[in-house]
Amino acid sequence: MGKFMKPWKVVLVLAGRYSGCKPVIVKNIDYGTSACPYSHALVAGIDCCPRKVTAAMGKKKIAKRSKIKSFMKVYNYNYLMPTWYSVDTPLDKTVVNKDVFKDPALKHKARQEAKVKFEERYKASKNKWFFQKPCF
């Protein structure tokens, strides 16, 4: 069977705080490590989706409603469901990796990196499905 959990693939989170969210796989570990002996993936996603914007709104209001809150987490493959979609947001691998969870300052910096890249992608109007609120 081929490997389908690849970097930049959009997945759905099935359980936990971010269930229903659509993160992107940043790094996948298929065979586990000594600390985590199961297959898992580092994901970065959108915690709060941008809100609807209309032409009648001012620039200040549009800027406020277009903000994105991001999250980063390590998930077991059992709690992720892959989709057809992929998003090619080149996150900096030196900033966004599994070591950032040891230090809160590094984690904050990594989340900011993800937030900036996602906002650039949103403002460029690419991958619109990724930035919509999931409807179940």
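**Reading cores, a helix and pockets in a predicted model**

Q: Leaving aside its neighbours within four places in sequence, which residues is Ala44 in contact with?

A: Contact here means heavy atoms within 4.5 Å; once neighbours within four places in sequence are set aside, Ala44 is in contact with Pro23, Val24, Val26, Phe71, Met72, Leu91, Ala114 and Phe118. Please keep in mind that this is a predicted model, in which local features need pLDDT of at least 70 and side-chain atom pairs count only at pLDDT 80 or more, while totals for chains, interfaces and linings use all residues. Residues are numbered from 1 along each chain as its sequence is written, and side-chain values use heavy atoms, with hydrogens and water left out.

Q: Which residues of the largest nonpolar core touch the most other members?

A: A nonpolar core is a set of buried Ala, Val, Leu, Ile, Met, Phe, Trp, Tyr and Cys residues joined through side-chain atoms within 4.5 Å, where buried means under 20% relative accessible area, exposed over 50% and partly exposed in between, with a 1.4 Å probe and protein chains only. The largest such core has 18 residues, and Ala44, Val96, Phe118 and Phe130 touch the most other members. Two or more residues of this core come from each of S2, S3 and H2. Apart from it lies another core, of twelve residues, which includes Tyr18, Cys21, Ile25 and Val43.

Q: Why does Ala41 count as buried?

A: Ala41 counts as buried because its relative accessibility is 0%. Its place is in strand S3, strands being DSSP runs of E with at least two residues and helices runs of H or I with at least four, numbered from the N terminus. Not counting residues up to four places away in sequence, Ala41 touches Ile25, Lys27, Asn28, Lys73, Val74, Tyr75, Tyr77 and Leu80. Ala41 and Tyr77 are 36 residues apart in sequence, yet their C-alpha atoms are 6.9 Å apart in space.

Q: Which residues are buried in H2, and which strands do the buried residues of H2 pack against?

A: An α-helix has 3.6 residues a turn, so residues three or four places apart point the same way. In H2, the buried residues are Ala110, Glu113, Ala114, Phe118, Glu119 and Arg121, and the strands they pack against are S2 (24–29), S3 (40–48) and S4 (69–76). Helix H2 covers residues 104–123, 20 residues, and reaches 28 Å from its first C-alpha to its last, close to the 28 Å expected at 1.5 Å times one less than the number of residues.

Q: What volume does the largest pocket have?

A: A pocket is an open set of points on a 1 Å grid where a 1.4 Å probe fits, with protein on both sides within 12 Å along at least five of seven lines, and lining residues have an atom within 4 Å of a point. The largest pocket has a volume of about 200 Å³, the space filled by probe spheres set on points joined across faces, edges and corners. Of its 13 lining residues, the closest to its centre are Pro50, Tyr122, Lys128, Phe131 and Gln132. The second largest pocket has a volume of about 160 Å³, and of the 13 residues that line the second largest pocket, the closest to its centre are Asp47, Cys48, Cys49, Lys133 and Pro134.
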